[in-house]
Amino acid sequence: MNWKRLYEKYKDVVLYLFFGVCTTVANVITYWLAAHPFNLGTMPSAIIAWVVAVTFAYITNRKWVFHSSASGGKEIFAELTSFFACRLATGGVDWGCMLLFVDIMGMNDMLVKCAANIIVIVLNYVASKLVIFQSKGKKVVREEK
């Protein structure tokens, strides 16, 4: 098995998973700080953690995962807006989990936060790959049989 060829083939997925883990760590730590030492409550803490995590994710995904070619204020703003809009949708999944399982059902907030982040990572990858960081102008080459 050629590890270099395998890495090159799945490089974007590997980098996305690496930065996804980093984003999740940023999300969970920010949530914990806001919810526990600062005692802000479940939802305000989840929202603050979302803002921190999404900002971190945009920067890392744009540069190292999806290699965005957007340039100029208009293109970058459109990409940023699309990124935050998609992440707002998956943020709703996170917040819904926190509300239902922590505030209503009384489950452990840190366990729910970690589990919700796994679901969110998968949804965010799909949104990023299919909607936000599409390679503009790339031609699809089909192999003739």
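Q: What makes the nonpolar surface patch of about 810 Å²?

A: The patch is made by V21, V25, I29, W32, L33, F38, L40, I48 and V52. Such a patch is built from residues with over 30% relative accessible area and no salt bridge, with nonpolar side chains (Val, Leu, Ile, Met, Phe, Trp, Tyr) joined within 5 Å and like charges within 9 Å; accessible areas come from the Shrake-Rupley method with a 1.4 Å probe, and for residues only the protein chains shown count as cover. This is a predicted model, in which local features need pLDDT of at least 70 and side-chain atom pairs count only at pLDDT 80 or more, while totals for chains, interfaces and linings use all residues. Residues are numbered from 1 along each chain as its sequence is written, and side-chain values use heavy atoms, with hydrogens and water left out.

Q: Which helix gives the most to the nonpolar patch?

A: Helix 2 gives the most, with five residues, although helix 2 (11-35) and helix 3 each supply at least two. Helices here are DSSP runs (H or I, at least four residues; strands are E, at least two), numbered from the N terminus, and the protein chain has five helices and zero strands.

Q: Why is I48 called partly exposed?

A: I48, which lies in helix 3, has a relative accessible area of 37%. Buried means under 20% and exposed over 50%, with partly exposed in between (1.4 Å probe, protein chains only), so I48 counts as partly exposed.

Q: Why is the pair of E79 and R62 called a salt bridge?

A: The closest N and O atoms of E79 and R62 are 2.9 Å apart. A salt bridge needs a side-chain nitrogen of Lys or Arg within 4 Å of a carboxyl oxygen of Asp or Glu, and therefore this pair qualifies. The pair links distant parts of the chain, with E79 in helix 4 and R62 in helix 3, 17 residues apart, and both E79 and R62 are buried.
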